[in-house]
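Reader: I am new to this structure. Please take me closely through one part of it, and give me the setting you need for that.

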Amino acid sequence: MGINIQRPVHIAPLVTYRITFGAMMLLSIIRFWLNGWITSLYVTPVFYFPLQGMDWIRPLGATGMHILFAVMAIAALLIMLGLFYRVAVVIFFFTFTYVELIDITNYLNHYYFISIISFLLIWVPANACYSLDVRLRLTAEKTMAPAWTIGIFRLQMVMVYFFAGLAKLGHDWLFEAMPMKIWLPAKSHLPVIGTLMYKEWVAYFFSWFGACYDLFIAFFLLFRKTRPVAYLFVLAFHLATAVFFPGIGMFPYVMIAGSLIFFSSDFHLRLLSYLPFFKKKQTGKAYTYLPYANKLILALLCIHFIFQLLLPFRYLLYPDKLFWTEEGFRFSWRVMLMEKSGNTFFYVKEPATGKTFEVNNREFLTPLQDKMMSTQPDMILQYAHYLAKVFAIRGVQQPEVYVESYVALNGRRSALYIDPAVNLAAQPYSWRHYQWILPYKEKHE
Amino acid sequence: MQHAPGKPTGSVLLNVYKPDNFYRMRKNTLFVMLATGAISIIFYACSKGGGSSDPQPETGFDKTAMLTNYADNLVIPGYTTLQTQLQTLDAAVTTFLTTPTDANQQQAQSAFKNAYLQFERVSVHQYGPAETYLLGNFVNTFPADTVKINTNIQSGTYNFASTGTVAQQGLPALDYLLFGPGAVQQLSSAGRKKYVQDVLAQVKSLVDKTLADWKSTYRSQFIGNTRSDVGSPIGYLVNQFAYEMDQLKGPRIGWPFGKQSGGIVFADKCEAYYSGFSAALAVENLTNLRNTYTGGDNKGIDDYLISLKKDQLNTDVLKQFDVTLTKLKAIPDPMSAAFTGNADLVDAAYKEVQLLLTLLKTDVASATGVRITYQDSDGD
C-alpha cells in the first residue's frame, strides 16, 4: 500500500491550526511586551550572545526592537484572521527567528518550535478557507488540500514529543529522579498535593510518567481510537506542567492547542462551526500546487525533516556527558531535563606586566545572561573573547582571559568546569569539542 | 488507488478523513472533550488561586515555621533595634552638631558604629518593604560621592528621593561628614549641619517605613508564601545570600583592594572609610549572614537543606562560614591600611569569601531549586 501524500483532504485542521497559532502568538507577544522583556532582554544588555556563525544579527535599539515586535504582533493577528496570510506568515517567521537569534541567552525549545511551525506554515494554504483573504476575494476559497499540508505538522509534533522523551532516557532522570527530586520540594506550597512533594516516590513517578508521556503520546494521538483519551492526557499533562512550573510560560498552551492537529477534519469542522460566519462545507474545490512548486516544496520539507531527525543526535559526535558540555544540546527538544547552576569569575591578565584584572560580570552582563553564560561553554568563550576586546581598548596589552568556573549539575556538588590555566582569548570558536572543558566527574554527595 | 469508505488512507500522519466520512465520529466525543477541557481548566484555575490563601501544613519540612522564625526573630527585631540605634545616633549627632568638639565627635562615632553594625544585621533582608523603598541603596551605597555632597551643601538644593542621589546620602555620607578629615572644624557651617540632619532624617524615615510595613502587612505575606520561585521569600533569601557574598567579594573587599584594577588599591572606596571600621563591618555582615543561614536558634535554610538530605553540603557551608570568618577577623582595622600593610591577610580572606560565595550561589541555590537571578523570564 502506498502512502498518498497528495490525496486531497479537508482543510479544516489547518484552519484551526492557523487561527490558534496566530492567536497564541499574538497573546505571547503582548505578554512579552507587558512584562517589559523587550527592553530587559533586547535593549538593556551591552553585550549579546549570538548563535555561532550568526553574529551579524544585532538588536535594533529600543525603538527598532519595539517596532519589530509590533510588526510581529500585527503579523500574528493577520495569520489568525487569514488576511494577507502568506506575507504575514513570512514576516512572522523572519521577525520571530531574528529575535531568537540575537541572544542565545534566551534560547528556549518552544521558541525554536514556534520558528519551525511558522516556517512550515509558509508552505501551506491555511488561508484558503474561513479567512479574510477568502472573504475579500484575495484568494480563491478551497475546501481541500493535499494531505501532506496537514501531515507535516503532525510529523513535526511527533518528532518534538518523541525526541523530548528520548532525551529523558538517561541515568539521572530515570534512576535518580533528577532534577524532579530538587524541583518538587520547591512546590510544597501547592494545595492538596503539596505535602506529597517531599516524597521520593512522587519524584520517580513524575520522572517516569513524563518520559512515557513524551515517548508515546504522539503515537496515541495518531490513532483514531486512542486519540480522545490521549488528548485528555495532553490536557492533564500540560496543565500540570503549567501549575508546577509556571516559569515555562506559554509553552503548555502552545502544545495543548498544537496537539489538536491530530484530530480529523470532522472534529475540526465541528469545532469551527462554533465560530461566527463559519459555513460548513463538507467538500469543495481542492487547492493544488503547480507541479514544479509542489516538487520544490516537498524537496525543501524533506531536507527540513532530515535535519530534524539528525540534529538531536549530533551530540553523539562529541565526547563526554552532554549535560555537562552542552555540545549538541540546543535544537534537540531537551526540555526541563536538568538542574544546572554555575558561578564564573573571569580574570584578564596582561602578560607583559603580570597585572590581573578581575571582571565584574555585572558591568557587561544582565543577571540572566550571567546565569546562562555560567553553565554553557560556548557562551563562556564568546564572553571571554568580548572581554579581551574590551580590555584591549582599555589599554591592557595583549589581554589574556582566564576563567574560574564552578558548575553544579542535578544535585551534585559544584565542580570546576573550565580549565583555569587556559587563555580563552586564544581559543577559537569551533564546532569541534572544546578541550578546555574539564571532564565530567560522576560523584554524588 | 481506491479506498473503502470510512477507512483512513495512507499513513496515520496523513489520517484525515475524506469528506464522505464526516459525522462518522461519535457525536458526543467532541462534547466529552470540551467538557473535560473545561473541568481541567476550572481545576487548574482553582489550584492556582487557592495556593496563596490557604497554606497547607507541610509534612516534609515546615517552611511556614522557618519563615515565621525569620520574620519574628531576625528581621523585625533587627529593624526594631536599628530604629533604636538610629534614635541614639540622632541624639549624639545633635549634641555633636550643637557643640562640635572632639569628645562629642567620639560619642557620635560610637553611636554611629553601633548603628552601622546593626545595619549589617539587616543588610541581607533587602526584600519586601526594604526593596520597595530601596533601603539598602539609599542607606548604604558606598563610597560616598564627596564632591557632589559638597556641591549640594553649597547650593543648599538636593533631592534625596531621587535614585540618582544614593551616593550623596546614607551612612557613608554621614561617615564622611561627621568623621572625615577636618570634620569638627567644617561642621561650624550651618549648611553642613543641615545636610547632616537631612541625611540622618532620610535614613531614619526609610527604616521607620520599612519596619512599619513589615509589622502591618508584609509579615503575613512573607510567612504565608512558601514558594521558591522568583520573588518568593525563600527565593529572596537564597538570592540575598548570593548577593551579600557578591558584595563582600566586590565592593566591601575586592574592589578597594584592587582586584578589578590590576592591583591598584583604592583604599578610600571601602565601607566606612573615614571611621575606619570596615573590617568590623565586614565581619558583622558575614556573622549575620551565617546567623540568617542557620535561622539563629530556630528553623533556617540549614534545616531545610538537611530535610532535603543535603547534610554534607550543609556541614561544608557551615565550615566554610567559620573558616571565612576566622580569616576575615584576622584583618586589622582600618582595612584601608591593611590593603597595603597586610595584603596577604586580605588576600587569604578574599579567597575564602570566593569559596563561600560559590557554595551559596551554586550548591545551595541548586539544592533548593532557587534561581539566582534578579530578572524575570521564561525557562524551559
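Author: Start with the domains of chain A. The assignment, automatic or from a database, gives domain 1 (8-315) and domain 2 (339-426). Their centres, taken over C-alpha atoms, are 35 Å apart. In the contact between them, domain 1 of chain A supplies 16 residues and domain 2 of chain A supplies 14 residues. Two residues are in contact if their C-beta atoms, placed from the backbone, lie within 7 Å. On the domain 1 side, helix α9 (residues 180-183) of chain A gives the most, with three residues. Helices here are DSSP runs of H or I with at least four residues, strands are E runs of at least two, and both are numbered from the N terminus. That side of domain 1 of chain A holds nine nonpolar, four polar and three charged residues. Nonpolar means Ala, Val, Leu, Ile, Met, Phe, Trp, Tyr, Cys and Pro; charged means Asp, Glu, Lys and Arg; the others, Gly among them, are polar.

A word on the basis. This is a predicted model, where local features need pLDDT of at least 70 and side-chain atom pairs count only at pLDDT 80 or more, while totals for chains, interfaces and linings use all residues. Residues are numbered from 1 along each chain as its sequence is written, and chains are lettered from A and ligands numbered from 1 in the order in which they are written.

Now the close look: strand β3 (residues 340-350) of chain A. Eight of its eleven residues are buried. Buried means 20 or more other C-beta atoms within 10 Å of the residue's own, with C-beta atoms placed from the backbone; exposed means 12 or fewer, and partly exposed lies in between.

Strand β3 of chain A pairs with strand β5 (residues 400-409) of chain A. The two are antiparallel, over ten bridges. Strands pair if DSSP finds at least two bridges between them. Strand β3 of chain A also runs antiparallel to strand β4 (residues 355-358) of chain A, joined by four bridges.

A:Tyr347 has a partner in each of these strands. In β5(A), its bridge partner is A:Tyr402. In β4(A), A:Tyr347 stands opposite A:Glu358. In a regular strand, side chains alternate between the two faces of the sheet.

The hairpin of β3(A) and β4(A) has four residues between the strands. There A:Gly354 takes a positive phi near 75°.
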